[in-house]
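Subject: Handover of a model, with notes

Dear colleague,

Please find below the structure that I promised to pass on to you. My notes on what was found in it follow directly after.

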Amino acid sequence: MSAFPDDFVWGVATASYQIEGAVDEDGRGESIWDRFSQTPGKILTGETGDVACDHYHRWREDIELINELGVDAYRFSIAWPRVMPDGVGELNQAGLDFYDRLVDGLLDAGITPYPTLYHWDLPQPLEEEGGWLNRNTAEAFADYSQAVVDRLGDRVERWMTLNEPWCSALLGYSAGHHAPGLTGTENGLTAAHHLLLAHGLAVPRIQDAGCDVGIVLNMDFMQPASAHPADHAAADLEDEKFGRWFLDPVSGRGYPEEAVADYGWDMAVVREGDLDVIAAPIDHVGLNYYAIRIIRSDLISETERTEVVPAPAEYTEMGWVVAPQGIVPLLERLRDYGYEQIYITESGAAYPDEPDERGYVDDQARISYLDRHFDAVAEAIDRGVGVKGYFVWSLMDNFEWGFGYSKRFGLARVDYETLERIPKASYGWYRDYIRSVQR
Ligand code: FCB
């Protein structure tokens, strides 16, 4: 008998900038990812999301692709600059109409829409005012969210506010790897706080419209390199700076103290009452899980800083360590924090797919990856974790941020010359898997 309950939600995920293209059409405004990817040197391959998978025009075909896969649900994101080109103020009806049609098309096909309101494509005009370094962006996000929910909330039950705020804040404002490409620890922490505030401000607005809402957090399992207590302490600290930096405040626990001390963060941007806003009760939580990181303490390794040790391990093409078991303790933690509705909102892998002459990819590595991760989630369910659904990243190959189109995560291959979608072996395998567990 399958560990997955009958009402378990099987799905696939995508994000607006990674698939839509049509960046100049029907009144869409510029986003920080347009600006960033069009800046020479920012994207490994020099590519942009200008066309991407052309989903903006091919959405009907994509709904077919989702439908034939036999999934219950589709997670996608709404592009803020398509809906509100300036980030504040006037709505672009044509942009809202696009998502309206998409939602109706999904519902007609019996697929439940799971939209995310922010998957990194901030309107560029807001960035000109400081972007996530500016507290007003949090208010703007709440207004934008409300406008979208006002339009779609009669048909969409479950919403996600932010996708992976760690990436938006730390990769975007500290490391410079993501848009807008700023650097400095202080910047990253300020951006993180305003993102959390944005989430907290949006939550009651979405709930007041009668919908359920949550947030999507990415967490790697931080594995100590040895049983040595110093390695354990180092892994804990990494964990506080990564997943818990966001999970703890959202869950009413404030910022993790050791990480605050380690950053030497003065918390000057945290105003009275902010932590209460951020801790607004949510209805569900999303976990994006890709890998573990193996952490060795600088106290016993002679290097200057805590580092991630490359261990003999299985890697994906991203260089991420494949470790299905790492998802179990993360899910147990979410249960222990009191969450009863947990979704794996992303999980999947990039591999060097090799198409045959017809474009077909026999991606056994991806199948094995998914199979083992499904097993691990089943184990967590057995242990009493309320996992309600699993969204494979991704429906199709797409624009993988700083890596351009060079990393392929799709269940379907995208031929970027013809924009044809060609189901890979993993697509058929996933379809059969869902059928077998739902029988
Ligand atoms: C996650 C992102 C998603 C995708 C995967 C591979 O961090 O949320 O958009 O790029 O990684």
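Helices (H or I, at least four residues) and strands (E, at least two) are taken here as DSSP runs, numbered from the N terminus. This is a predicted model, in which local features need pLDDT of at least 70 and side-chain atom pairs count only at pLDDT 80 or more, whereas totals for chains, interfaces and linings use all residues. Residues are numbered from 1 along each chain as its sequence is written, and side-chain values use heavy atoms, with hydrogens and water left out.

I begin with the chain as a whole. The protein chain contains 17 helices and 13 strands, and its C-alpha trace spans about 55 × 50 × 45 Å along the principal axes. The radius of gyration, taken over C-alpha atoms, is compared with a globule rule of 2.2 Å times the number of residues to the power 0.38; for 439 residues a compact globule would have a value near 22 Å, and the 21 Å of the protein chain agrees with that. Contact means heavy atoms within 4.5 Å, and of the contacts in the protein chain with a separation of 6 or more, 77% are between residues 24 or more positions apart.

For the surface, accessible areas come from the Shrake-Rupley method with a 1.4 Å probe, and for residues only the protein chains shown count as cover. The accessible surface of the protein chain comes to about 16800 Å², and 46% of this belongs to carbon and sulfur atoms. A residue is called buried under 20% relative accessible area, exposed over 50%, and partly exposed in between (1.4 Å probe, protein chains only); 60% of the 439 residues count as buried. As for charge, Lys and Arg count as positive and Asp and Glu as negative, while His and the chain ends are not counted, and the place of a charge is taken as NZ of Lys, CZ of Arg, CG of Asp or CD of Glu. On that basis the protein chain has 35 positive and 76 negative side chains, with the centres of the two sets 2 Å apart.

Turning to the interior, a nonpolar core is a set of buried Ala, Val, Leu, Ile, Met, Phe, Trp, Tyr and Cys residues joined through side-chain atoms within 4.5 Å. The largest such core has 153 residues, and those with the most contacts inside it are Leu 331 and Tyr 430. Helix H9 (residues 185-208) supplies the largest share of this core, 10 residues. Tyr 430, leaving aside neighbours within four places in sequence, is in contact with Trp 10, Gly 11, Val 12, Leu 69, Val 71, Phe 374, Tyr 390, Val 392 and Leu 411.

The peptide bond from Ala 179 to Pro 180 is cis, with omega near 5°, and Pro 180 is found in the loop between helix H8 (165-173) and H9. Nine of the nine residues of H8 are buried, so this helix is largely enclosed by the rest of the structure; among them are Pro 165, Trp 166 and Tyr 173.

The loop between strand E11 (387-393) and strand E12 (412-415) holds Ser 394, which a cis peptide bond joins to Trp 393, with omega about 10°. Trp 401 also lies in the loop between E11 and E12; its phi is near 45°, a positive value in a residue other than glycine, and Trp 401 is buried, with a relative accessible area of 3%.

Finally, which residues does Thr 116 touch, not counting residues up to four places away in sequence? They are Arg 75, Phe 76, Ser 77, Ile 78, Met 160, Thr 161, Leu 162 and Asn 163. Thr 116 lies in strand E3 (residues 112-118) and counts as buried at 0% relative accessibility. By contrast, Pro 229, in helix H10 (residues 229-241), counts as exposed at 62%, and its C-alpha atom is separated by 9.1 Å from that of Ser 297, 68 residues apart along the chain.

With kind regards
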